[in-house]
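Here is a briefing for a reader new to this structure. Look over the sequence and the model, then read on.

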Amino acid sequence: MTSPVEREKSRQLIIRVCAFFLAANILSAAAVLSIRAFVVEARYIPSEAMTPTLQVDDNLVVNKLAYRFEAPSRGDIVIFNAPQAALDLSGSTTQDVYIKRIVGLPGETIEVKEEKVFINGEALEESYIKEPASYVWGPEVAPSDAYFVLGDNRNNSLDGHIWGFLSREAVLG
């Protein structure tokens with residue numbers, strides 16, 4: 001039989017071990033949530049808007065730090081909070097995240113005509129698109145804090161040619 005002192009020591013040891021594991025689990029959960037919120041995030045492709053570059057159900061890991069230190073460049077594929085105009089057009093009642101390619105940069109004149117994208121009057125070489133655009137858009141000048149984004153599947157993408165420019169603050173990674 002154990003003495004009351006030994007039972008108390010055993011009880012305290014069990015409490016310390018449980019407290020340690022509880023604290024470790026709380027810290028682990030906080031670390032995972034922080035990493036997902038601020039560093040990287042897993043995403044999947046739900047539509048054909050970025051084919052042929054990205055296929056439906058492709059999985060991605062998004063670097064959320066990339067654009068905290070430098071501005072996006074032409075050709076970058078970005079994820080962003082969908083503008084309200086896009087949500088309204090799609091009938092979405094949630095805050096959706098979209099993925100598109102940056103085509104036009106702040107201050108540039110962008111136009112889509114003759115099945116090509118023109119930046120400041122020069123045709124953009126785009127080897128990554130599924131097919132040439134079958135629409136006309138612009139010319140419009142991108143605001144100083146905004147980008148023009150298009151899906152690589154130009155004729156099957158709810159993108160900037162429908163809802164306009166993407167604000168810099170909406171870009172997530």
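Glu108 is buried, at a relative accessible area of 11%; buried means under 20% relative accessible area, exposed over 50%, and partly exposed in between (1.4 Å probe, protein chains only). This is a predicted model, in which local features need pLDDT of at least 70, side-chain atom pairs count only at pLDDT 80 or more, and totals for chains, interfaces and linings use all residues. Residues are numbered from 1 along each chain as its sequence is written, and side-chain values use heavy atoms, with hydrogens and water left out.

**Confidence**

- The chain has a mean pLDDT of 89; pLDDT is the predictor's confidence in each residue, from 0 to 100.
- A pLDDT of 70 or more is reached by 96% of the residues.
- Among the elements of the chain, helix α1 (residues 4–38) has the lowest mean pLDDT, at 78.
- Strand β9 (residues 146–150) has the highest, at 98.
- Helices (H or I, at least four residues) and strands (E, at least two) are DSSP runs, numbered from the N terminus.

**The open sheet**

- An open sheet is formed by 4 strands in the order β3-β4-β9-β10, with antiparallel pairing.
- The edges are β3 (77–81) and β10 (166–167); each has a single partner strand, so one side of each is left without a neighbour in the sheet.
- Two strands pair if DSSP finds at least two bridges between them.
- Strand β4 (residues 97–104) pairs with β3 over 5 bridges, in the antiparallel sense.
- Across that pairing, Arg101 in β4 stands opposite Ile77.
- β4 also pairs with β9 in the antiparallel sense, over 3 bridges.
- There, Ile102 has Val149 of β9 opposite.
- Of the 8 residues of β4, 7 are buried, so the strand is largely enclosed by the rest of the structure.
- In a regular strand, side chains alternate between the two faces of the sheet.

**Salt bridges**

- Side chains of opposite charge can pair when their charged atoms come close.
- The rule used here asks for a side-chain nitrogen of Lys or Arg within 4 Å of a carboxyl oxygen of Asp or Glu.
- By this rule there are 6 salt bridges.
- Lys64 forms a salt bridge with Glu41, and their closest N and O atoms are 2.6 Å apart.
- Lys64 lies in the loop between β2 (59–63) and α2 (66–69) and Glu41 in strand β1, so the pair ties together parts 23 residues apart in sequence.
- Lys64 is buried at a relative accessible area of 12%, and Glu41 is buried at 5%.
- Glu41, Arg43 and Lys64 are linked in a network of salt bridges.
- Arg74 forms a salt bridge with Glu108, again with the closest N and O atoms 2.6 Å apart.
- That pair links distant parts of the chain, 34 residues apart: Arg74 is in the loop between α2 and β3, and Glu108 in the loop between β4 and β5 (109–113).
- Arg74 counts as partly exposed, at 30% relative accessibility.
- Arg101 forms a salt bridge with Asp152, the closest N and O atoms being 2.8 Å apart.
- This pair links distant parts of the chain, 51 residues apart: Arg101 is in strand β4, and Asp152 in the loop between β9 and α4 (160–163).
- Both Arg101 and Asp152 are buried.

**Loop residues**

- Asn153 sits in the loop between β9 and α4.
- At 3% relative accessibility, Asn153 counts as buried.
- Leaving aside neighbours within four places in sequence, Asn153 is in contact with Glu48, Ala49, Met50, Thr51 and Lys130; contact means heavy atoms within 4.5 Å.
- Asp96 is in the loop between α3 (84–90) and β4.
- Asp96 is partly exposed, with a relative accessible area of 22%.
- With neighbours within four places in sequence left aside, Asp96 is in contact with Phe80, Asn81, Ala82 and Leu87.

**Strand β1**

- Val40 is found in strand β1 (residues 40–44).
- Val40 counts as partly exposed, at 31% relative accessibility.
- The C-alpha atoms of Val40 and Ile102 are separated by 20 Å, and the two residues are 62 residues apart along the chain.
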